[in-house]
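Here is a short report on one protein model. Look at the structure first, then read on.

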Amino acid sequence: MADSGRVWRFGALAGVTAGAVAIGVAELVAVATGPRSAPLVAVGGVVVDTVPEPLKQFAIDVFGRYDKVALLVGTAVLLAAFAAGLGVLATRRLAPAVAGVVAFGALGAVAALTRPGADALDVLPSLTGAALGAGVLWLCTAGPLEPDPWPWSPPAPPPATPATEPATAGSSPAEPAAAERVRAEPVPAGSARRPGGDETDPESRRRFLTGTGVLLGAATVAGLGGRWLAGRRGVSAARSAVALPTPVAPAPPVPAGADLGLRGLAPYVTSNAGFYRIDTALVVPQVDPGTWRLRVHGRVRNPFELSFAELLARPMVERYVTLACVSNEVGGDLVGNARWLGVPVKELLDEAGPLDGADQVVSRSVDGWTCGTPTEVLRDGRDALLAVGMNGEPLPVEHGFPVRMVVPGLYGYVSACKWITELELTSFADFDAYWVPRGWSARGPIKTQSRIDTPRPRNRLTAGPVTVAGVAWAQHLGIRRVEVRVDEGEWQQATLAAAVSTDTWVQWSWRWAATPGEHTLQVRATDASGATQPERRAPVAPDGATGWHTVRVTVD
Ligand SMILES: Nc1nc2c(c(=O)[nH]1)N[C@H]1C(S)=C(S)[C@@H](COP(=O)(O)O)O[C@H]1N2
Ligand SMILES: [Mo]
C-alpha cells in the first residue's frame, strides 16, 4: 500500500527522535553524575563485563584497538533500531510504546546502578532521558507535532456519513475501498477521529518534519555538549601540574646498541603514544590526584592509607620494564617496553606486614577492576613498582594516571592495575580477581616469546642479503639465545643486541642470504633457564599463547 511506507518512515523518525533526545539529555545529566552513569556507557560496561569470553575475543580480533568504539557504535545502532520500532508502534498504540521507552530507561538505570562505585544518583541520566524521550514520542505521534492525518487514515468519508461515526464508514456500501483498507491495516483508535485523506496535510507534515528536525538537532547538541563538558572535567590539567620527583635510583642508561634502529623493528623503548592499551574501561577513568588515596589493607598487621603527595614524597626508583598482555597472539604487538618511575611495592607491603596465608595481593582500580598478584612475587626483590611516571612523564591517563602497578615477569592482567586505589592482602583461595571467573588462569607468569618484526609477512624481497630482525622477551629471566630457521632448515643463531636488564625485551637480528622463491621464516627463543619456546601452538587463554612466530615472504 502506497502510504504504509510513509507511515513507517514517519513513525520511525518519531521514534529515532525520541531515542536521540533521551540519549542526548542523559549525556547532559551525566555531566553531573559522572560519565559512567550515561546509559550507553553503563549498558556497554555491563556487556563488557558479562559477554562470553569467545565473543569478546572475537570482537578484539575483528575490531582490534577499536573494539570499544565498535561496542558503543553497535549499541547505538541497536538502540536506534529499537527506537524506530517503538516510533512505528506509537503511531498505532502510544501506551505500549511509551512503556517500551520507560523499560529502556529502567535498563539504563539498573545498568548504571550495578557499575562499581555507583550511587543512587547514577539512575538520573537514564530516567531523565527516558522521561523526555517518552514526552517526545507523544509530541510526535499524538501531540502537537503529529502529522494530520497519519497517512493510513481512511479517506474522508462522503459528506453523507458523519465524520464522528467512523466506525460505520467502513461498512458503508458507498465506500468499499475504505472498508478494505480498514481491514487490511489496523487503524489506530485515535486516527479515526480525524477525517482523513490519502495525503497528509502538507502543513502538518511540514510541522512534523521541522519539529523532529529541531528536536534531533537539540539532542545532538545536548549529547555532544554533554561529552564536551564531561571532557573538560578530565584530569589532563591536573596531570600536567604533576612534578615528578627525581629518582633515588635512576634507571641504568640504555646501552649503546640496544636499539638497532632498523626500519620495521620495534624500537627498544616504546613511546607513550605507541604503547598498546588494554583495559575494560569504556570511558577512561579520570582520577584526581588531589583526592586519590591508596588503601593498603586486608590480612595485614598494619593497614594504612597514602595520599598522592605522600606517595611522591617517598624514595622513587626508575626501571625499564617490558609489559605484555596475556591476550597477545604469537607475533602480536600487545607488548611494550617503557621506563617506569615509582615506589617499590615491596616497601609498602613490608610496612603493612602481611599475615600468614595472605598469599595474594589484590589490586583494585577506581572502576572496580581487580587483579591478583602472588605476594611472594611482589616481595622477592624484583622491581615491582607502584608507578607514577612513564618515560619521564606522569602516567598518561589511559595508562593509569595517577598511579598504576608494574611487575616484571607477570602478564598485565595479574599485575599491572591502572588507576589503582587499593592493595588488599588476601589469599588465592579466598578471592578470584576480574579475569579468573572469566576463564583465565589465576597465575600469569609471562611466557618466553620471540617475534619477527622485519621482514613483514608477505613482503616481497630482493634476493641477496636480508636482515631478519625482531624482539624476544623472557622478563625477569632473560633471553639466552634466539634462533631463526628458513623453510624448516637448520636453526641459525641470531645476534642479540644489548639490553638494560633481564626485565626488558631484547632486539635480535640475523643476516639471511635470501634466494628467489617462497620462503618461511621462523624464530624461537631460549631463556636463561635453558628452556626453549615450544613449537606447539597454544591459544592465548587461559595463560598465554605459545608457538613459534612464522613469517612467509617472497624473494624475487
Ligand atoms: N584498571 C585496569 N587496569 C588494568 C586493566 C584493566 O582492564 N583495568 N587491564 C590490564 C591488562 S590485561 C593489561 S595487559 C595492562 C595493559 O596496560 P596498558 O594499557 O598500559 O598497556 O593493564 C592491566 N591493567
Ligand atoms: Mo592484558
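## Cysteines

Is Cys-140 buried or exposed? Cys-140 counts as buried because its relative accessibility is 0%. Buried means under 20% relative accessible area, exposed means over 50%, and partly exposed lies in between (1.4 Å probe, protein chains only). Cys-325 is buried too, with a relative accessible area of 9%.

The whole structure was searched for disulfides, and zero were found. A disulfide is a pair of cysteine sulfur atoms within 2.5 Å.

## About the model

This is a predicted model: local features need pLDDT of at least 70, side-chain atom pairs count only at pLDDT 80 or more, and totals for chains, interfaces and linings use all residues. Residues are numbered from 1 along each chain as its sequence is written, chains are lettered from A and ligands numbered from 1 in the order in which they are written, and side-chain values use heavy atoms, leaving out hydrogens and water.

## A nonpolar surface patch

Leu-55, Phe-58, Val-62, Phe-63, Tyr-66, Val-69, Val-73 and Val-77 form a nonpolar patch on the surface. Together they have about 790 Å² of accessible area. Such a patch joins nonpolar side chains (Val, Leu, Ile, Met, Phe, Trp, Tyr) within 5 Å, from residues with over 30% relative accessible area and no salt bridge. A salt bridge is a side-chain nitrogen of Lys or Arg within 4 Å of a carboxyl oxygen of Asp or Glu.

Helices α3 (53-63) and α4 (67-92) each supply at least two patch residues. Helices are DSSP runs (H or I, at least four residues), numbered from the N terminus. The largest share, four residues, comes from α3. Val-62 is found in α3, and Val-62 counts as partly exposed because its relative accessibility is 47%.

Conventions. Patches are made of residues with over 30% relative accessible area and no salt bridge: like charges are joined within 9 Å, nonpolar side chains (Val, Leu, Ile, Met, Phe, Trp, Tyr) within 5 Å. Accessible areas come from the Shrake-Rupley method with a 1.4 Å probe; for residues, only the protein chains shown count as cover.
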